[in-house]
4 protein chains.
Amino acid sequence: MERFKLDALNAATSVEFVTALANIFEYSPWIADAAAAGRPYATLAELRDAMMAVIEKASSEDRMKLIRSHPDLANKTQRAAGLTADSTSEQDGAGLDRLSSNEFILFEQSNNAYKAKFGFPFILCVKRHTKDSILDAFRRRLKNSAAEEEQAAVAEIGRIATLRLAQQVVSRDELPVFGHLSTHVLDSHAGKPAAGVEVQLVELSRHGESRTIVKTVTDQDGRTGRSLVHGRPVPMGTYELRFKTAAYYTKLGVALSDPPFLDTIPIQFSIAEPEARYHVPLLMTPWSYSTYRGS
Amino acid sequence: MERFKLDALNAATSVEFVTALANIFEYSPWIADAAAAGRPYATLAELRDAMMAVIEKASSEDRMKLIRSHPDLANKTQRAAGLTADSTSEQDGAGLDRLSSNEFILFEQSNNAYKAKFGFPFILCVKRHTKDSILDAFRRRLKNSAAEEEQAAVAEIGRIATLRLAQQVVSRDELPVFGHLSTHVLDSHAGKPAAGVEVQLVELSRHGESRTIVKTVTDQDGRTGRSLVHGRPVPMGTYELRFKTAAYYTKLGVALSDPPFLDTIPIQFSIAEPEARYHVPLLMTPWSYSTYRGS
Amino acid sequence: MERFKLDALNAATSVEFVTALANIFEYSPWIADAAAAGRPYATLAELRDAMMAVIEKASSEDRMKLIRSHPDLANKTQRAAGLTADSTSEQDGAGLDRLSSNEFILFEQSNNAYKAKFGFPFILCVKRHTKDSILDAFRRRLKNSAAEEEQAAVAEIGRIATLRLAQQVVSRDELPVFGHLSTHVLDSHAGKPAAGVEVQLVELSRHGESRTIVKTVTDQDGRTGRSLVHGRPVPMGTYELRFKTAAYYTKLGVALSDPPFLDTIPIQFSIAEPEARYHVPLLMTPWSYSTYRGS
Amino acid sequence: MERFKLDALNAATSVEFVTALANIFEYSPWIADAAAAGRPYATLAELRDAMMAVIEKASSEDRMKLIRSHPDLANKTQRAAGLTADSTSEQDGAGLDRLSSNEFILFEQSNNAYKAKFGFPFILCVKRHTKDSILDAFRRRLKNSAAEEEQAAVAEIGRIATLRLAQQVVSRDELPVFGHLSTHVLDSHAGKPAAGVEVQLVELSRHGESRTIVKTVTDQDGRTGRSLVHGRPVPMGTYELRFKTAAYYTKLGVALSDPPFLDTIPIQFSIAEPEARYHVPLLMTPWSYSTYRGS
């Protein structure tokens, strides 16, 4: 995707500015339009705050129109009719295009219950979520009052816009939208990093199938390079890291029992803050291991 | 089941002795018959060794007859015709009465390949095995020569007999047939045993469904009472202990993230020696844990 | 020492009863005398409570006389004149007969400050203390009011009496006066208990010399037998367990760096509750270790 | 100190080159003189290898003269007479200017035994050593033959020269002379880095006094900045890291026992490879901790 430079946007005509940022807010170029007057913006954060201020100051009707411009989550009818390209890729990332029939029913029931209660679509920044955490959010937010829920919707719209700005506009400041999830395997039997260990990151699912996110091998320092989920928030949800311990020790010639006491080591953990740093190391011997939230 | 006393067996008539021990070896009372003359036996171990010596000294034909007296594993046809009561309960313990269709095919193929190669049934002390480890044993033993396999069969018959003697005859000595598998949960956040933690022991299966063996709760000392699998060998195979960590800390009022970083902690391990002592403790905080093969 | 049976004391004459228990409270047979009338006592705990009730109900003068019957701690002059045999052995156990000159000065200053403020000797159940924790107690209790301190003295007299009763009288109930301090060495490199590891327990001292309390070797199960400090409270204070790790691995033929990364592993910890259970295990490899308060 | 650039040395006159590098080898400018002809050197490693080749090819007499140009370790008489500035600072770094009388005797005996056996001074690259490891080296090398020891001396001269070159000459390549020793404190009670923990690094000594090398406080990430010993090899020897755990938790308001179970946590370890990477983290709660050789 071509990325705009903040400086260029500051120098552009109003029309160019609005065209460039038209879909930062779903089908709502009027927000960019109102923000054009406030230029120049020194940082991306300032631009984002100015756009959000437009929404805060808008009439109740305009705010509701903005909310209604958003698609239902996982609504196959709407999908056929077409979402913005951004919405489609965001929803696919969370696995909403691969729902089990069980999950599909849960999403449909949740969507329907939500629309029946509030009369507008459920809005969530899905890049920060897994299928499970979306269903959790439905459950929690269905208890809200209409006023609370309008506020919640605007907050999520802000998160979506922040992510889109971070992707589409280059600036000297960086919006804090990227999470970090890494691991590190230490071989305490040999007293050194464990190189060549197969590692898998699996997103667990309560109602559908778990799916492998990353399959990799540790390097000479026992690490797996950059963040396992990089260039984006790490979706809230439950994961399992799986380490092929016995295969590693067998390759080294370490004598193991048959079958080995530890073969694949699973570490289950949940991400609660998609923009935070999660380091989940494994210290292991053929007979013991430990893990912790590191830094 | 009524248990005989070794002293009583020593004092009994030959007929009584043979009747009592007729099925220590599947449908082969002649072994007890030959061992009757060697009485008195000071210990159960001596009696067992004497019976095994009868087999060693028997003619090749008699030994093969003994081998052929054993049922095929998981052969539904034979099951209808009737095994000894002991064989039936031993095979059910390993889950052979609850095979998935996938597993059923694997067992049938293995049985057929084995009989085709060796001409006699595959004998294994199933009380020491899970479905997975039985399939592993098939694979390994199918590579044997006929002579090696005859020896392997006799060794397994000895293991079966040892277990039956331990169950049916009371003596001052105990045959080492019981395994031990225990856990212990330490709460390193509070510096004391973790009481009231839900723990599940699950037997994992490569080709069928995993099944829960034990569901329990830790006591005041963080333990689960006696061995999780007691009064028998711990079947060779792969298991998972699952600890409900977040539920425990929530009950204590410890603040956790939402969702909690650690919710259910799974520990996967394999049993290689069914009569050995396996202690698999968990040291945990809401943010870290470790485990090891303890004692 | 000959131990009396509670049943015998219940059946004895008053004079025999008082003679037997005369020194449960330092030079104060009147307490036993008053408690004789309450017989029979079903348990040792009842007898102890009855004796303590005598003190509670005594006149203020009698209570103060009891307090004054106790020796100064570490007062060499009084020592020459003679304490009861019990007091002498209790004070020696805490190392009060081996004070450094620095410590001697601190004890003398504390004693003098205490007597100057309160006019009666500082009473402490020294079997529950080390030199360091006695000096800590002086510091803390010197801030008390006279009334608080009279109460504190009676509480300590109760602890001393409880210990003496537990030692001198046999009953079906046991007074909870024994502490427990144990260790356990697991070799996570080999996946089994570490047998033959040299272990030392050292009492650390802030003002004098540290002293070795126990020097032992782990058994086949990686343990050191009964409690490292047994048959008594574990004195409050700071300790160090020292494990000869490199020597153990060298004996096993495990290759280590030169010098070994870990040679002697020191674990420093403090006892706050002399009657509690302290289990301080060591899980080790040549390159890592962990410890925790276990159970 | 002014540092030369390798490019400048390549372009300089022979006299300038020799003057600049005269003391890379103790009082032996003839080595630089012979190496001048081989210019230009692309890397510092090439220059070092060329200089070492001069020594290898030199006559036995010249090599011995080079060896004899080195000072005795810790010889106070020679110190008065004057070493090169480099030798003095190197020996002070190892603590040779602060020997206990016990250590002084050991050094003198070792020096004398060495000179008596070999007739030339004991040469060691002391920047890679502590007092203890120097005495260990004496003990080990005193068992050598004269030929072995001549070789050992030249190898140490090479290490000394490598370090001096790394310090005095700037090049695009870096000679691998720097070690790394770091720590990291994770608070597993809170699930985050432990900030504000006082940490001390102490060099332990078998025959004299231990001395504190570094006293610092962990930063927001639980680290202590750059390597605890930086810009040089980490001297072979035994160290203790001491962490003020109870003070940290008290500051956070975590309830501890009195005295706290863990107050200062000592971690003892040895450095065997002065140029290697040693990472010695601490994972702790108020009731448990672990450490390992990390990376």
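These legends accompany several close-up views of a predicted model. Local features need pLDDT of at least 70, side-chain atom pairs count only at pLDDT 80 or more, and totals for chains, interfaces and linings use all residues. Residues are numbered from 1 along each chain as its sequence is written, chains are lettered from A in the order in which they are written, and side-chain values use heavy atoms, with hydrogens and water left out.

**View 1. Chain C and chain D are related by a rotation of 180 degrees.** With 0.0 Å of shift along the axis, the rotation superposes chain C on chain D at an RMSD of 0.1 Å (least squares on the C-alpha atoms of residues with pLDDT of at least 70 in both). This is the relation of a two-fold axis. Look for C:S290 here: of the residues of chain C, its C-alpha comes closest to the axis, at 1.9 Å.

**View 2. Chain C meets chain D through 25 residues on each side.** Contact here means heavy atoms within 4.5 Å. Both copies use the same surface, with 100% of the contact residues of chain C recurring in chain D. About 2,000 Å² is buried between the two chains, 60% of it from carbon and sulfur atoms (accessible area, 1.4 Å probe, that two parts lose on being put together, summed over both). On the chain C side, C:F261, C:Q268 and C:Y289 supply 30% of the buried area, more than any other three residues.

**View 3. A salt bridge joins C:R140 and D:D258.** Their side chains meet at 3.7 Å, N to O, and the count between chain C and chain D is two salt bridges (a side-chain nitrogen of Lys or Arg within 4 Å of a carboxyl oxygen of Asp or Glu).

**View 4. Chain B touches chain D through seven residues from each chain.** The area buried is about 580 Å², with carbon and sulfur atoms giving 53%. In chain B, the residues losing the most area to chain D are B:S188, B:H189 and B:W287, together 68% of what that side buries. You will find zero salt bridges between these two chains.

**View 5. D:M284 sits in the largest nonpolar core.** This core has 60 residues, and C:F269, C:M284, D:F269 and D:M284 have the most contacts inside it (buried Ala, Val, Leu, Ile, Met, Phe, Trp, Tyr and Cys residues joined through side-chain atoms within 4.5 Å, where buried means under 20% relative accessible area with a 1.4 Å probe, protein chains only). Not counting residues up to four places away in sequence, D:M284 touches residues including D:V185, D:Y248 and D:I265.

Definitions and conventions: Buried < 20%, exposed > 50% of the residue type's maximum accessible area, 1.4 Å probe, protein only.
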